[in-house]
Amino acid sequence: MQTAPTINKKKGLLDCFSCRTREMMMAMRGPLQLTVALIKPDVTRVPHILQGIRNRIIQEEFLVVRHKEIRLRKQETENFYAEHREKFFYNRLVTFMASGPTQALILAHENAIQRWRLLMGPTKVYKTKYEAPDTIRGMYGLTDTRNSTHGSATSRDPECFPSFFAGQQLKTFAPPVTRLQTPGVPRHAEETAAKEMKFFFPEFSKEEWYEDEEAQFRKGQIQLDEVSFIHKLL
């Protein structure tokens, strides 16, 4: 039986037997999918909220493949959000994202793209606080712009399926299986995630990671480095 994780109040980190024991318990059955997660400037400035989000990432059994803190220039932000250029919120969004440090992560899970978006919650924060109060945006989001996190997009974003949130536990979410792509995720979603990885982690080779490290991550042969907040091979 898996022991429920607890928060170590002294260190503010997840404490479940030991880091190594937890990683061994987290061995996954299927091939891992990668996605990009951003922790936005509104929460990187608040240590206890940042730690709360990190704890949720580990509690929901994501593996942290890469992690860095960056400061986006306005031009970089404009390029990243170019698809929203004609929308009313564009200037507000790019100004906010360039206003402070952002933490960028590559997360792995069997269904990382959809699972991370489910954990984040819908974009509309006011609605999310009622429909999905236990999600990251439900707990920490302030406005539709200052909504704490970003995730690689999919046409089946959680905000299109609010019924998934009411009374749901992330552990029990199981999207439908298809033979054409990763379960529950359109092919273009994985392409979007790959483009975002190149944008934020140009030094990272997805192909080399799958060839050299994916199997060990999937088998749980890793340990969380709590200082750098990244899983490392044993």
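Select Glu61 to begin: this residue, just after helix α3, takes a positive phi of about 65 degrees. Helices (H or I, at least four residues) and strands (E, at least two) are DSSP runs, numbered from the N terminus. You are viewing a predicted model, where local features need pLDDT of at least 70, side-chain atom pairs count only at pLDDT 80 or more, and totals for chains, interfaces and linings use all residues. Residues are numbered from 1 along each chain as its sequence is written, and side-chain values use heavy atoms, with hydrogens and water left out.

Step back to α3, residues 47-59. Of its 13 residues, 11 are buried, so the rest of the structure largely encloses this helix. Buried means under 20% relative accessible area, exposed over 50%, partly exposed in between (1.4 Å probe, protein chains only). Among the buried ones are Ile49, Leu50 and Ile53.

Now pick Glu60 and Arg115. They form a salt bridge, with the closest N and O atoms 3.4 Å apart. Glu60 sits in the loop between α3 and β4, and Arg115 in helix α6, so the pair ties together parts 55 residues apart in sequence. Both are buried. A salt bridge is a side-chain nitrogen of Lys or Arg within 4 Å of a carboxyl oxygen of Asp or Glu.

Next, select Arg73 and Glu76, another salt bridge at 3.1 Å, N to O. Arg73 is exposed at 58%; Glu76 is partly exposed at 24%.

Finish at strands β7 (222-225) and β8 (230-233), which pair in the antiparallel sense over four bridges. Strands pair if DSSP finds at least two bridges between them. Ile222 stands opposite Leu233. In the hairpin, Phe229 takes a positive phi near 50 degrees.

Terms used
The expected span of a helix is 1.5 Å times one less than its number of residues.
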